[in-house]
Amino acid sequence: MNQKRITLIYQQLDLGGRQLALLALAEALQGRGWQVEILSFLHGELEEKFARRGISVQVFPVRPKVRRILKLRRHFLRNPPMIVHTHLFSAGFWGRISAKLAGVPVIIHTEGGMPFEEKRWKRVPAEHLLTRLSDAVICVAQAIKDHLVDAGGLAAESLLVIPNGVAADNLLRLPIRTISDRPVVFSAGRLAKVKGYDLLIRAMANLDGVTGKLLLAGDGPEAGPLKRLSATLGVSDQVEFLGYREDVQQLLAQADLYVTASRSEGMSNSILEAMAAG
């Protein structure tokens, strides 16, 4: 067994705030001498970013899903890690069971959302078992711990709060420049229903006496419907879809207002970055 080998498991590797946080974690661990491996069940754009940084990625798109246990267990036995660290409910379900069956010494799980807001009837009993299999269960915000305790009945003493954080050095004291004579509203994230961008676009359409500019940085399955909604509401000239961007820090410097309209959110990295950017 490699005493400095850690396996991080995430459900899918699409571009998004949580996945980019996973990339930052992997880079930080690698910088501290750990041999880092990423396991996932669905391919995504982030694979290339891991590869460019020399971080190993394995994707197991196996069906039916129960076969994931056998696949992961076999992988752990062939490539024994010291630590398996799973993220969010799905990866935590398959990853923790597999790691336990393979005899992995340390099993850690991080919860960054509110897992019991849906499928509560099967997720709650599963998480009670999985928590007993874990050496640590980390919540990225106090509100998430409260959710696991109140909605799931988990013991508070079994949960550890380590709030999300962002590297603020590059965000502090950014030069401010104006790109519009109208108030600029900015939001960044994956264009998915849970992020509530439809609500934000409707809010822009309902502004009374103020003509603002909304910049949306990100891509995802709701891109088409959101563009059609903007056209239907007559605000296409006020809403600019920027697509996926890697210069979010510079875009923050151009904004008058940052908005997160999520229907459900844990500890949003994008809000932390906006706060750090002033």
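# Pairing, burial and backbone in a predicted chain

Analyst: Ile9 stands opposite Leu39 in β2. The chain crosses from strand β1 through helix α1 (residues 17-31) to β2, in a right-handed β-α-β crossover. The model is predicted.

User: What makes β1 and β2 a pair?

Analyst: Two strands pair if at least two bridges are found between them. β1 (residues 5-12) and β2 are joined over 7 bridges, in the parallel sense. Because at least two are needed, 7 bridges make them a pair.

User: Why is β2 called largely enclosed?

Analyst: A residue is buried when its relative accessible area is under 20%. In β2 (residues 35-42), 6 of the 8 residues are buried, so the strand is largely enclosed by the rest of the structure.

User: Which residue of β3 stands opposite Leu39?

Analyst: Leu39 has Gln58 of β3 opposite it. β2 and β3 (residues 56-59) pair in the parallel sense over 4 bridges. Together with helix α2 (residues 46-52), these two strands make a right-handed β-α-β unit.

User: Why are β3 and β7 said to stand at the edges of the sheet?

Analyst: The sheet is open and has 7 strands in the order β3-β2-β1-β4-β5-β6-β7, with parallel pairing. β3 and β7 (159-161) each have a single partner strand, so one side of each is left without a neighbour in the sheet. On average, and with direction ignored, neighbouring strands of this sheet are turned by 25 degrees against each other. Helix α1 packs on the sheet, where it touches β1, β2 and β4 (83-87), and its direction makes about 170 degrees with that of β1.

User: How do you know that β4 is enclosed?

Analyst: 5 of the 5 residues of β4 are buried, so the strand is largely enclosed by the rest of the structure. Ile83, His85 and His87 point one way, Val84 and Thr86 point the other way, and all are buried.

User: Which strands pair with β4, and over how many bridges?

Analyst: β1 pairs with β4 in the parallel sense over 4 bridges, with Leu8 opposite His85. β5 runs parallel to β4 and is joined to it by 5 bridges, and Val84 stands opposite Ile107 in β5. From β4 the chain crosses through α4 to β5, and this β-α-β crossover is right-handed. Helix α4 (residues 89-101) lies across β1, β2, β4, β5 and β6, at about 160 degrees to β4.

User: Which residue of β6 stands opposite His109?

Analyst: Val137 in β6 is opposite His109. β5 (residues 106-111) and β6 (residues 136-139) pair in the parallel sense over 4 bridges.

User: Why is Glu127 called buried?

Analyst: Its relative accessible area is 4%, and the cut-off for buried is under 20%, so Glu127 counts as buried. Glu127 is found in helix α5 (residues 120-133). Not counting residues up to four places away in sequence, Glu127 touches Phe89, Arg96, His109, Phe116 and Leu154.

User: What makes the phi of Leu88 worth noting, and is the residue buried or exposed?

Analyst: Most residues other than glycine have a negative phi. Leu88 is not a glycine, yet its phi is positive, at about 70 degrees. Leu88 is found in the loop between β4 and α4. Its relative accessible area is 18%, which is under 20%, so Leu88 is buried.

User: Why is Lys119 called partly exposed?

Analyst: Partly exposed lies between the limits of under 20% for buried and over 50% for exposed. Lys119 has 42% relative accessibility, so partly exposed is the term for it. Lys119 sits in the loop between β5 and α5. Its phi is positive too, near 50 degrees, and it is a residue other than glycine.

User: How do you know which kind of peptide bond joins Arg63 to Pro64?

Analyst: The omega of this bond is near -10 degrees, and the bond is cis. Most peptide bonds are trans. Pro64 is found in the loop between β3 and α3 (67-78).

User: How do you know whether the chain agrees with a compact globule?

Analyst: For 278 residues, a compact globule would have a radius of gyration near 19 Å; the chain has 20 Å, so the two agree. The C-alpha trace spans about 65 × 40 × 35 Å along its principal axes. Buried residues make up 46% of the 278 residues. The chain has 10 helices and 11 strands.

Conventions
Residues are numbered from 1 along each chain as its sequence is written. This is a predicted model: local features need pLDDT of at least 70, side-chain atom pairs count only at pLDDT 80 or more; totals for chains, interfaces and linings use all residues. Side-chain values use heavy atoms; hydrogens and water are left out. Buried means under 20% relative accessible area, exposed over 50%, partly exposed in between (1.4 Å probe, protein chains only). A crossover is right-handed if, with the strands pointing away from the viewer, the path from the first strand over the helix to the second runs clockwise. The radius of gyration is taken over C-alpha atoms; the globule rule is 2.2 Å times the number of residues to the power 0.38. Axes are lines fitted to C-alpha atoms, for helices over the stretch in contact, and angles run from 0 to 180 degrees between N-to-C directions. Contact means heavy atoms within 4.5 Å.
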